[in-house]
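Please look over the sequence and the model shown below before reading on.

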Amino acid sequence: MRAFTKLTAAAAAALTCAGLAVGPVTAAPSNTTDVRLITFNDFHGNLQPPAGSSGRVTLPDGTTVDAGGAAYLATHVKQLRGEVDNSVVLSSGDNVGASPLDSALFHDEPTMALLNELGVKASVIGNHELDEGYKELLRMQLGGCHPTDGCQFRDSYPRAKFPILGGNVYFDNGLNAALPFTVTVSGGVPIGIIGVTLEDLPLVVTPEAIEGLKFGDEVKAVNQSSRLLDLLGIKTQVVLVHQGDNTEGGGPDDCKTLPGPATEIAKAASASVDVVFSGHSHQQYNCTVTDPAGKPRTLIQGSSFGRLLSVVDLKIDKRTRDVVRESTKAHNEIVTRTVTPDPAVQALVDEAKTKAAPIASEQVGTVSADLVRAAPASGESPLGDVIADAQLSATASNNAQIAITNPGGIRTDLTYAGSSAGEGDGVVTYGEAFAVQPFSNIMQTMTLTGAQLKTVLEQQWQPQPDGTVQVRILQISSSLHYSWSQAAAIGSKISELTVAGEPVTDDATYRVSVNNFLAAGGDGFAEFVNGTDVTGGPVDLDAFTDYLTANPNIAPPAADRITVLP
């Protein structure tokens with residue numbers, strides 16, 4: 001060490017003698033700039049901390065952490081921004097729709113106010129952005145009061161201060177129905193943000209909501225925008241895709257994804273794309289895929305309901321303005337409730353809660369234990385059983401014999417303890433029931449033959465283009481029983497099918513009640529479209545609340561409607 005010190009001193013002296021001034025040693029200027037991307041997905045208007053399993057994040061060891069709530073989300077966003085000078089906040093869609101009452105009652109205007117408060121720079125159209133149709137999406141983007149209900153939350157609704165993108169959403173004439181991309185500047189570097197929604201969106205919304213619209217291939221739309229950004233010299237490119245994979249479990253930063261559409265999109269999209277943020281499937285994962293040029297690319301999703309923030313840190317070469325891919329770091333940040341809630345956002349949440357309270361706090365029934373939507377291997381859930389029974393009861397005047405509902409329409413658990421502000425004594429409020437069934441779908445009763453009924457149940461297993469099988473187990477009323485085989489081939493899984501204890505025969509006819517989403521073939525259940533003698537019924541939420549009122553202290557039904565065979 002002494003020899004090194006003497007050598008350094010001698011070199012400095014020599015430079016001084018040569019007439020060169022020697023000052024403090026300084027680091028060479030960095031050739032890169034750091035930019036942080038902070039993204040959430042599938043918020044669904046959850047201003048208050050979501051209850052039950054919808055308000056927990058599962059860790060790698062299987063334990064859970066309470067998470068979510070807009071005021072906590074805002075605090076975490078501010079903290080993450082404070083760690084990196086250059087940060088951009090984004091959303092991967094489904095910000096609104098299927099929302100709790102304190103947002104939905106006001107056509108999700110409180111949630112849009114939240115997104116503006118968070119400083120979101122861009123979002124993408126999710127399927128739920130179209131729940132009320134394209135005109136309502138335009139109102140969300142451009143501002144103005146609701147054409148029927150006016151402005152009920154505040155005196156006016158200004159607009160979204162960010163673009164809602166949809167590069168693969170077209171009018172029937174082929175013209176774009178939404179902006180395909182936007183450009184923001186962070187750290188002196190232009191960043192292209194491309195947005196696409198799922199091509200199969202027509203399968204998960206009602207036909208009336210998307211009348212006049214078409215949805216194209218996700219990768220084709222991404223690549224078209226990417227090429228244009230390349231021509232403009234914008235080399236840092238990010239994709240927001242409202243499509244996601246399922247997982248085999250794991251923690252927020254595990255990559256235990258099943259092969260799915262988000263991975264396929266992330267692998268196939270232009271090599272110019274540096275990061276892919278996904279959504280729609282409400283799963284948590286943090287993956288690296290290989291792009292068409294053989295380079296690593298982050299694919300990440302942050303659960304739902306504001307429980308996670310997907311954080312991707314980029315190093316961008318100042319000369320090329322492109323991302324140094326190998327230096328990308330990504331993680332899913334848990335939105336814990338141990339931080340101080342953001343005061344401004346908490347005031348917004350309290351305002352929405354107060355204005356919705358007279359309706360939300362009304363008691364509609366009681367339960368004796370938690371009714372959860374999670375299901376065992378059979379696919380039959382306690383809450384699904386109760387909802388299907390409620391729909392059968394509500395359509396008795398249509399001579400309904402069976403009721404069937406889709407699991408995706410059941411948005412949260414109905415807990416004995418209630419919401420965070422609930423009584424904790426089994427009381428079910430209108431707001432809690434609304435959180436379970438928020439779509440206001442209309443019940444319809446149709447006639448199906450026994451053969452058609454079996455076809456419907458066989459359609460619970462749907463082969464996908466990538467070779468996987470999408471499984472959606474319908475929730476059924478107590479009048480319907482059947483078995484399904486794990487080993488049997490797709491199309492031949494259903495057996496022992498009975499209605500009211502009697503075996504179903506192919507030629508016999510049955511009156512079946514479903515919501516209008518399923519009646520239109522939603523979720524891939526195309527056989528419902530072939531039903532005959534369709535009769536209208538009540539709104540599904542009204543069916544649910546009326547059943548809760550008429551049947552106090554509801555307990556989880558016995559799980560005996562669906563039997564799994566080897």
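The side chain of asparagine 46 reaches the backbone oxygen of phenylalanine 43 at 3.0 Å, and the backbone oxygen of histidine 44 lies 3.1 Å from a polar atom of that asparagine 46 side chain. A polar contact here is a pair of N or O atoms within 3.5 Å, where, within protein, one atom must be able to donate a hydrogen and the other to accept it, and residues adjacent in sequence count only if both atoms are side-chain atoms. This is a predicted model, in which local features need pLDDT of at least 70 and side-chain atom pairs count only at pLDDT 80 or more, while totals for chains, interfaces and linings use all residues. Residues are numbered from 1 along each chain as its sequence is written, and side-chain values use heavy atoms, with hydrogens and water left out.

Asparagine 46 sits in the loop between strand S1 (32-40) and strand S2 (56-58); strands (E, at least two residues) and helices (H or I, at least four) are DSSP runs, numbered from the N terminus. Asparagine 46 has a relative accessible area of 8% and is therefore buried, a term that means under 20% relative accessible area, with exposed over 50% and partly exposed in between (1.4 Å probe, protein chains only). Leaving aside neighbours within four places in sequence, asparagine 46 is in contact with Gly69, Ala70, Pro100 and Phe305, where contact means heavy atoms within 4.5 Å.

Helix H9 (residues 382-394) is also mostly hidden: eleven of its 13 residues are buried, so the helix is largely enclosed by the rest of the structure. Among these buried residues are Leu383, Val386 and Ile387, and the buried residues of H9 pack against elements that include strand S20 (442-449) and helix H13 (540-550).

The structure also holds two cavities of 30 Å³ or more. On a 1 Å grid over the protein atoms alone, a cavity is a set of points where a 1.4 Å probe fits but cannot get out, and lining residues have an atom within 4 Å of a point. Grid points are joined across faces, edges and corners, and a volume is the space filled by probe spheres set on the points.

| Cavity | Volume | Lining residues include |
|---|---|---|
| Largest | About 50 Å³ | Asn95, Met112, Phe162 |

Terms used:
On a 1 Å grid over the protein atoms alone, a cavity is a set of points where a 1.4 Å probe fits but cannot get out, and a pocket is an open set with protein on both sides within 12 Å along at least five of seven lines; lining residues have an atom within 4 Å of a point.
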